[in-house]
Amino acid sequence: KYLYGRTRQEVARKLTQALKTTQDNLPIPSSRLTLAVFADKWLASVRPSLRPRTYQSYESALRVHILPTLGRIQLDALQPSDLELLYARLTQDGLSAQSIRTYHVRVHTMLNRAVKWGVLTRNVASLVALPRIVTRELAVFSQQEAKAFLQAAIGHRLEALFVLALTTGARQGELLGLRWDRVDLDNGHIDIRQALQRIDGRFQLVEPKTSGSARRVALTDIAVEALRHHHTRQLKEALRLGQAWDNDMN
């Protein structure tokens, strides 16, 4: 086993780690394995256990933000400073601290697996200082603005969607994935059981991310009225279009 480093101190540190690894009867990490190569192996291993959208977020975070800068670095040569300098540059490029922390979680999880597989002796991501999150007050409609918005939406083809978004607090994907068999206008509620997401360039209906996301939401009178109008409009369109009607697209 040959050890290399930019300084004598770095080589000494690697030698100490290699000796400890040998004493612990663990395999010595390969210096030829780069972060990019390991990332491909790790993504392939976790893909079967992840939801498609979650896997997509893992893959894109690494491909777009991490690997272009750090991908060629040998896995056992990666330092906390490499990650901190990358995060500083991403901050300068305009990424939020919350986004960077999310990407860091992906890297930390990946390097944890490298340690478990015996290709790393430590997870350097645990030693990184992360950007501070600045809490900003959310901008919300005032009562007058909400009334003006609902007034402006009257007669719009997506009026029901706008009304539900304002009155239920449901996520955009949850409302776009809502089907009529989950709508009970007589009792005034909807059941959130799926969401519409774009995955690999295609729109797909997926289950809620967590068990708590599947829920029953009460409807206001204005929401019930908007949904009744929307249902009537859809029935008229279905009669007019005949076999050309596609319920999944309306």
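Mentor: Contact here means heavy atoms within 4.5 Å, and with that cut-off in hand we can read this predicted model.

Trainee: What share of the contacts in the protein chain with a separation of 6 or more comes from residues 24 or more positions apart?

Mentor: Such residues account for 59% of those contacts.

Trainee: Which elements make up the protein chain, from the N terminus on?

Mentor: The chain has nine helices and five strands, and their order is α-α-α-α-α-α-α-α-β-β-β-β-β-α. The radius of gyration is 26 Å, well over the 18 Å that the globule rule gives for 250 residues, so the chain is more spread out than a compact globule. Its C-alpha atoms fill a box of roughly 75 × 40 × 30 Å along the principal axes.

Trainee: Which residues of the largest nonpolar core touch the most other members?

Mentor: In soluble globular proteins, nonpolar side chains tend to be buried together. In this structure the largest nonpolar core holds 30 residues, of which L35, L62, I66, Y87 and L111 touch the most other members. At least two residues come from each of α2 (35–46), α3 (52–70), α4 (80–92) and α5 (97–116), with α3 giving the most, seven residues. Beyond its neighbours within four places in sequence, L35 is in contact with several residues, including I66, L70, M110 and L111. A second, separate core has 16 residues, among them V217, L219, A223 and V224.

Trainee: Which residues line the second largest cavity?

Mentor: That cavity has a volume of about 40 Å³, and its lining includes E174, R179, R182, D191 and R193. By class, the lining has five charged, two polar and two nonpolar residues.

Note on methods:
Residues numbered from 1 in each chain as written. Predicted model: local features only at pLDDT ≥ 70, side-chain atom pairs only at ≥ 80, totals over all residues. Heavy atoms only, no water. Core = buried A, V, L, I, M, F, W, Y, C linked by side-chain atoms within 4.5 Å. Buried < 20%, exposed > 50% of the residue type's maximum accessible area, 1.4 Å probe, protein only. Helix = DSSP H or I, 4+ residues; strand = E, 2+ residues; numbered from the N terminus. 1 Å grid on protein atoms, 1.4 Å probe; cavity = no way out; pocket = protein on both sides within 12 Å on 5 of 7 lines; lining within 4 Å. Points joined across faces, edges and corners; volume = space filled by probe spheres on them. Nonpolar A, V, L, I, M, F, W, Y, C, P; charged D, E, K, R; others polar. Rg over C-alpha atoms; globule rule 2.2 N^0.38 Å.
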